[in-house]
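Please consult the sequence and the structure alongside the text.

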Amino acid sequence: MKNTQRVLLASLLGVSLAAGAAVLKTDPAKSSVSAVFKQMNVPVESKFTKYRVTIDYNAQAVDSSKASVEVDTASLDMGDPEYNKEVAKKEWFNSAQFPKATFVSSSIKSAGAGKLTVAGKLTIKGKAADVAFPVTVKTEGGKQVFDGALPIKRLAFNIGEGEWQDTGMVADEVTIKFHVVGQ
């Protein structure tokens, strides 16, 4: 009888702990990951069409939350098949050698109502950097919605080698934007 009570108590405790945090299932039809940059001083926003976002979010204990993102670098849609092939080449993403860009959180902290500060490691084209950026979070229609933007310097990740290191054609500043809807 005592063993049965212990198993029941352990099971209930496990269920109550798990109820506070859960890996959210991302809705790809309502989510997006994009790169915003200036080409010849004209703002351009291009979306990645293949990515995987995993968010283990606990609103009651934000510090225990985790997130990771994996982006298929060859999936950047510049709006033209020739441009899409170009950015996958060695000078840009070198998608043959580095097919994925990744982000793995090291901490997620509350920054006030509906605001988070996310820190972690961003790896693009074999170059890793510690980054931190603000994220907003809200509940909409029973789903968690996360919005954020991470500014980076493309040359720090060797994106745009050779003649493309010149920032006169494509600016060094790039903002990675994301809108993630999960439940």
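In which strand is the place of Lys143? Lys143 belongs to strand S10. The model in which this residue is described is a predicted one.

**Confidence and overall fold**

The chain has a mean pLDDT of 89, and 89% of its residues reach 70 or more. Over residues 1-20, however, the pLDDT is below 50, and this stretch has four contacts in the model beyond near neighbours in sequence.

The secondary structure consists of two helices and 11 strands. Along the sequence these elements follow the pattern α-β-β-β-β-β-β-α-β-β-β-β-β. The 11 strands form an open sheet with antiparallel pairing, in the order S1-S4-S5-S7-S8-S9-S10-S11-S2-S3-S6. Strand S1 (22-24) and strand S6 (76-77) stand at the edges with a single partner strand each, so one side of each lacks a neighbour in the sheet. Within the sheet, S9 and S10 are paired in the antiparallel sense over six bridges, and Lys138 stands opposite Val145 in S10.

Among contacts between residues at least 6 apart in sequence, 56% join residues at least 24 apart. Of the 183 residues of the chain, 34% count as buried.

In soluble globular proteins, nonpolar side chains tend to be buried together. In this model, the largest nonpolar core has 37 residues, of which Leu116, Leu122 and Phe146 touch the most other members. At least two residues of this core come from each of strands S2 (32-39), S4 (51-57), S5 (66-72), S7 (100-110), S8 (115-124), S9 (127-140), S10 (143-153) and S11 (170-182). The greatest contribution is that of S11, with five residues.

What does Leu122 contact beyond its neighbours within four places in sequence? Its partners are Thr102, Phe103, Lys127, Ala128, Ala129, Val131, Leu150, Ile152, Phe157 and Ile176.

**Aromatic pairs**

The structure holds five aromatic pairs. Two of them are set out below.

| Pair | Distance between ring centres | Angle between planes | Geometry |
|---|---|---|---|
| Tyr57 and Phe146 | 5.3 Å | 85 degrees | edge-to-face |
| Phe133 and Phe178 | 5.9 Å | 80 degrees | edge-to-face |

Tyr57 lies in strand S4 and Phe146 in strand S10, so this pair ties together parts that are 89 residues apart in sequence. Both of these residues, Tyr57 and Phe146, are buried. Phe133 lies in strand S9 and Phe178 in strand S11, so that pair links parts that are 45 residues apart in sequence. Phe133 and Phe178 are likewise buried. Together with Phe103, Phe133 and Phe178 form one aromatic cluster.

Is Lys143 buried or exposed? Lys143 has a relative accessibility of 18% and therefore counts as buried, since the cut-off for this class is under 20%. The side chain of Lys143 is joined to that of Asp27 by a polar contact of 3.4 Å. When residues up to four places away in sequence are not counted, Lys143 touches Asp27, Lys30, Lys138, Val181, Gly182 and Gln183. One of these residues, Lys138, is the residue that stands opposite Val145 in S10.

How values were computed: Residues numbered from 1 in each chain as written. Heavy atoms only, no water. Core = buried A, V, L, I, M, F, W, Y, C linked by side-chain atoms within 4.5 Å. Buried < 20%, exposed > 50% of the residue type's maximum accessible area, 1.4 Å probe, protein only. Helix = DSSP H or I, 4+ residues; strand = E, 2+ residues; numbered from the N terminus. Contact = heavy atoms within 4.5 Å. Polar contact = N/O pair within 3.5 Å; in protein donor to acceptor, adjacent residues only side chain to side chain. Phe/Tyr/Trp six-rings, centres within 6.5 Å; stacked < 30°, edge-to-face > 60°. pLDDT = per-residue confidence, 0-100. Pairing = 2+ DSSP bridges.
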